[in-house]
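Got the model loaded and your selection tool handy? Here is a tour, one stop at a time.

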Amino acid sequence: MPTWGEILAELEQGERETGVRDYDGVRRKYIARLHEITGRDVILYATDWLSDKPNTAITLEDMQGLMETCKGLHGPGLDLILHSPGGDPNATASIVRYLRSRFKNIRVFVPLAAMSAATMLALSSNEIWMGAHSQLGPIDPQMLIGGRSYPARAILQQFDNAKEELSKDPSGLLAWVPILQGYGPSLLAECEKWTELSKKLVRDWLRQYMLPATQDRSLKASRIANYFADYDRHGSHAMGISRESARKWGVVVRDLESEPVLQDAILSVHHATIHTFSGPAAKIIENHLGKAFVRLAISVPFQVVQRPVQAER
């Protein structure tokens, strides 16, 4: 299977022959080839989040794309290629529920990175496949305040620090007022609720799908969920978690390098997808049959022409 550079050369050769770079045709060819190798249904879920494009988060809108791409697939096995920064945990829960209603066995392949809620989605699988370069991420929830995201645990810690300092020296209240005024009255409860929800979802999915035959599965599922949600341990929501670290805590992770043909097929799909993102596409949900749902990063400009309204006679 070709490398990133070889796929670029393939696209350039096609451009010389036809006058266009057939990003969609090349990408679909490699997705179909992956299906030929595994004999399983394939869905690609990838976003161009590393280029800071908009419209890359997991949202409930993705259900529309998954409904489109699941049509015509028969299972019972699904290979999901996942490259995403994460997004809404509630939308992720809906996606997991839908996919599990369609497929009995799901393998998630992480060719590069699946972070935050995308890590939650990966942990709902039967097994995760990662390369030496692949990474998952912490699942501690992020709270949107004033257009910026802040770790829920960091907000809770800040309130705890404020209470401790003010209990010792109330005169420091003036220094804390500008910070605390930016938080809504229900923020603390929301932080606690979302933190527990993320852990509960992952814990339940692990028990049901990844660890059903494992002794002490409830204990092991809780241990894994707590590890991925541990803000103090990871220190940053963007901190990458390697396959070795995930495996150490009990996640069922398989090495892509152990199956060279499969590894080449997965990476070829990923490289072809990254080349596609050189255009306006920000999110691609696509199956091996060529059915796709594509979200663009740009809005299409149009002009509204106003016409005079004729009065009725």
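Start by selecting helices H1 and H12: they cross in a right-handed sense (right-handed if the near helix is turned clockwise from the far one by less than a right angle, left-handed if anticlockwise). H1 covers residues 4-18 and H12 covers residues 260-276; their axes come within 9 Å and cross at roughly 55°. The axes are lines fitted to C-alpha atoms, for helices over the stretch in contact, with angles running from 0 to 180 degrees between N-to-C directions. H1 and H12 are therefore oblique to each other; angles under 35 degrees count as roughly parallel, over 145 as roughly antiparallel, 65 to 115 as roughly perpendicular, and the rest as oblique.

Show side chains next. On H1 the contact uses Trp4, Ile7, Leu8 and Leu11, and on H12 it uses Ser268, His271, Ala272, Ile274 and His275 (contact means heavy atoms within 4.5 Å). Sorted by type, the residues of this contact are six nonpolar, three polar and no charged. Here Ala, Val, Leu, Ile, Met, Phe, Trp, Tyr, Cys and Pro count as nonpolar, Asp, Glu, Lys and Arg as charged, and the others, Gly among them, as polar.

Before going on, a word on what you are looking at: this is a predicted model, where local features need pLDDT of at least 70 and side-chain atom pairs count only at pLDDT 80 or more, while totals for chains, interfaces and linings use all residues. Residues are numbered from 1 along each chain as its sequence is written, and side-chain values use heavy atoms, with hydrogens and water left out.

Stay on H12 and pick serine 268. Is serine 268 buried or exposed? With 0% relative accessibility, serine 268 counts as buried (buried is under 20% relative accessible area, exposed over 50%, partly exposed in between, with a 1.4 Å probe and protein chains only). A polar atom of the serine 268 side chain lies 2.8 Å from the backbone oxygen of aspartate 264. Such a polar contact is a pair of N or O atoms within 3.5 Å; within protein, one must be able to donate a hydrogen and the other to accept it, and residues adjacent in sequence count only if both atoms are side-chain atoms.

Aspartate 24 belongs to helix H2, residues 23-38, and is partly exposed at 34% relative accessible area.

Next, zoom out and colour by secondary structure. The protein chain has 12 helices and nine strands; helices (H or I, at least four residues) and strands (E, at least two) are DSSP runs numbered from the N terminus. Of the 313 residues in the chain, 46% are buried. Among contacts between residues at least 6 apart in sequence, 71% join residues at least 24 apart.

Now for another helix pair. Select H3 (residues 62-70) and H4 (residues 89-102), whose axes come within 10 Å and cross at roughly 15°. That makes H3 roughly parallel to H4. Their crossing is right-handed. Asp62, Met63, Leu66, Met67 and Cys70 of H3 meet Ser94, Ile95, Tyr98, Leu99 and Arg102 of H4, and the residues of this contact are seven nonpolar, one polar and two charged.

Go to the loops. Histidine 288 is in the one between strand S8 (281-287) and strand S9 (292-296), and counts as buried at 11% relative accessibility. What does the side chain of histidine 288 reach at 3.2 Å? The backbone nitrogen of valine 42.

Serine 116 is in the loop between strand S3 (105-110) and helix H5 (117-122). Leaving aside neighbours within four places in sequence, serine 116 has contacts that include Pro85, Gly86 and His237.

Finish with some backbone geometry. Most residues other than glycine have a negative phi, and most peptide bonds are trans. The peptide bond from glycine 75 to proline 76 is cis, with omega near 0°. In the loop between strand S1 (41-47) and H3, aspartate 52 has a positive phi near 65°, and aspartate 52 counts as exposed at 69% relative accessibility.
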